[in-house]
Amino acid sequence: MTARILLLLTGLLAAWQVAIGIDGAEALPIFAYTVGFGMLLVASLLLIILGLEALDSPIVVILSTTIPLSLSLGLVWEHWLLLRAGYLVFAVLGFLAILFTRLVPFRGRLPVYLLTIVHGIAGLTIFLLPIAWALSGRAAPGFALVGAGGALIGLGGLMLSFLKAGRPVLSQATILKILPGLLLLMTAAFVLGFALA
Amino acid sequence: MHSVLRLIRTKFKLYWPLTKSLQTGLLLSTGLAGYMSARCPVMHWYHFLGLGVSLYLAIAGSTIINMWYDRDIDAVMNRTHHRPLADRRVTPTEAVRLGLVLSVLGVGLAVAMNPLYGLIVFAGLFFDVVVYTLWLKRRTAWSIVWGGIAGGMPILAGRAYGLGQIDGIGVLLTLAVLFWIPTHILTFSMRYHTDYQAAKIPTFPSTYGFPATRFTIALSSVIAALSIGTAGILIGMQWGFIRLLVVLSIGLFLLAVASVFRPTERINFGLFKYASLYMLAAMILLSI
């Protein structure tokens with residue numbers, strides 16, 4: 001029951017961000033943030049309805065990559081003008097590559113390497129960019145909260161990845177127990193960070 | 001006095017399940033949303049209250065009459081054999097009287113409030129009880145189309161009451177509910193397939209098979225989402241709320257597609273639950 005309430009709050013925060021929190025941005029960041037927070041909203045609803053066992057689905061890998069990839073694309077497009085075009089190409093190609101390697105059976109470690117690289121770069125961007133911008137005065141101090149959200153999304157992603165790889169850092173029961181709280185904290189940090197930016 | 005209160009409480013506990021509170025609540029929410037899509041913010045609370053009371057009475061009344069007529073089906077289905085009419089805690093005469101009284105009160109109040117509104121509420125009751133339940137439900141799987149049309153009447157009634165006339169947006173919203181109904185009912189009839197077979201009720205899964213039913217659900221989900229989205233744009237819904245509606249619609253579509261290509265019991269029931277949540281969320285967004 002507690003998990004469901006936490007997931008519901010996560011969904012409501014994500015819904016608020018999609019509907020109101022990103023107004024005023026340019027078209028591409030609005031699209032990117034809508035994808036990211038929209039995924040969080042739909043994922044929260046599905047976890048409430050289907051239960052946390054839904055995380056066993058192979059599609060989770062694709063969805064969990066889309067969230068950091070889209071959020072990081074929005075951040076770079078808004079705040080790091082020099083890298084706009086390059087990051088857009090990386091995000092599109094990265095997503096397509098992960099989609100392809102997950103849908104078509106691949107031998108070898110390529111799908112895992114690809115996932116690690118794309119996920120890693122996107123996660124680090126969400127973590128480092130807001131903190132660097134807040135510290136250097138290019139954004140309000142509150143913007144650093146988006147970075148905190150990035151750290152939490154990275155933590156959740158790592159735990160799930162290791163679990164899926166058969167080398168869990170924590171037991172599956174513990175991970176599933178803390179995941180709803182982690183998702184809520186992460187979403188709250190994102191929403192607050194964007195509001196204070 | 002104490003015994004009277006106890007009797008009322010006991011009767012209420014027996015009658016409440018006859019109204020299918022969740023389904024009635026969802027249909028009521030579509031009616032209120034239809035009104036608010038035309039009259040937001042709500043300036044006259046007594047109009048809004050009248051709308052809510054008349055719709056609730058008419059929907060609950062028709063639901064009770066349906067349950068009275070279908071009590072033989074309910075008795076042989078695992079899912080429904082414990083209902084008060086099926087297990088004889090409420091007598092058929094008592095139930096049909098209650099259903100008729102509520103229906104007459106609901107339609108009567110609706111007609112008194114506005115004749116056009118009353119006519120649409122009556123049409124909803126007529127399509128639901130006479131066309132869907134009495135005439136077609138035991139004959140053809142396509143009866144759900146009429147069930148869908150009946151289900152679309154509250155939102156049309158609410159909007160017509162708000163505007164004083166039937167407009168294109170109202171028709172579009174009715175279509176949205178009509179095409180949402182298969183997502184709701186067909187997933188249900190797949191989940192309780194053996195129950196419906198035992199009761200000899202023709203359903204899409206029993207007539208056309210599961211794959212065709214899943215495809216129908218996916219297609220109707222897309223049409224429902226497009227109808228609600230178009231209505232939202234035409235109403236002048238804020239851009240942010242349209243974004244949110246699109247996100248929720250994509251979730252519905254993805255689940256429907258997943259149920260076509262990777263069908264499992266869990267996905268099927270997930271789609272059923274999500275569809276209800278989707279409709280409620282869409283109604284809230286239309287009302288803001």
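## B:Ala218 in helix H11

In this predicted model, B:Ala218 belongs to helix H11 of chain B, which covers residues 210–235; helices (H or I, at least four residues) and strands (E, at least two) are DSSP runs, numbered from the N terminus. B:Ala218 is buried because 22 other C-beta atoms lie within 10 Å, where a residue is buried if 20 or more other C-beta atoms lie within 10 Å of its own, exposed if 12 or fewer, and partly exposed in between, with C-beta atoms placed from the backbone.

When its neighbours within four places in sequence are left aside, B:Ala218 is in contact with B:Ala256, B:Val257 and B:Val260, a contact being two residues whose C-beta atoms, placed from the backbone, lie within 7 Å. B:Ile73, by comparison, is 145 residues from B:Ala218 in sequence and 28 Å from B:Ala218 in space, C-alpha to C-alpha.

## Chain B as a whole

Chain B has 13 helices and 0 strands, and its pattern along the sequence reads α-α-α-α-α-α-α-α-α-α-α-α-α. The radius of gyration of chain B is 19 Å, which agrees with the value near 19 Å that a compact globule of 288 residues would have; this radius is taken over C-alpha atoms, and the globule rule is 2.2 Å times the number of residues to the power 0.38.

The C-alpha trace of chain B spans about 55 × 50 × 35 Å along its principal axes. Of the 288 residues of chain B, 48% count as buried, and among the contacts in chain B with a separation of 6 or more, 71% join residues 24 or more positions apart.

## Two loop residues with positive phi

Most residues other than glycine have a negative phi. B:Lys20, placed in the loop between helix H1 (2–15) and helix H2 (21–38) of chain B, has a phi near 45 degrees, a positive value in a residue other than glycine. B:Lys20 is partly exposed because 18 other C-beta atoms lie within 10 Å.

B:Arg88 also has a positive phi, near 65 degrees, and is found in the loop between helix H4 (71–76) and helix H5 (92–113) of chain B. B:Arg88 counts as exposed because 10 C-beta neighbours lie inside 10 Å.

## Conventions

Residues are numbered from 1 along each chain as its sequence is written, while chains are lettered from A and ligands numbered from 1 in the order in which they are written. Since this is a predicted model, local features need pLDDT of at least 70 and side-chain atom pairs count only at pLDDT 80 or more, whereas totals for chains, interfaces and linings use all residues.
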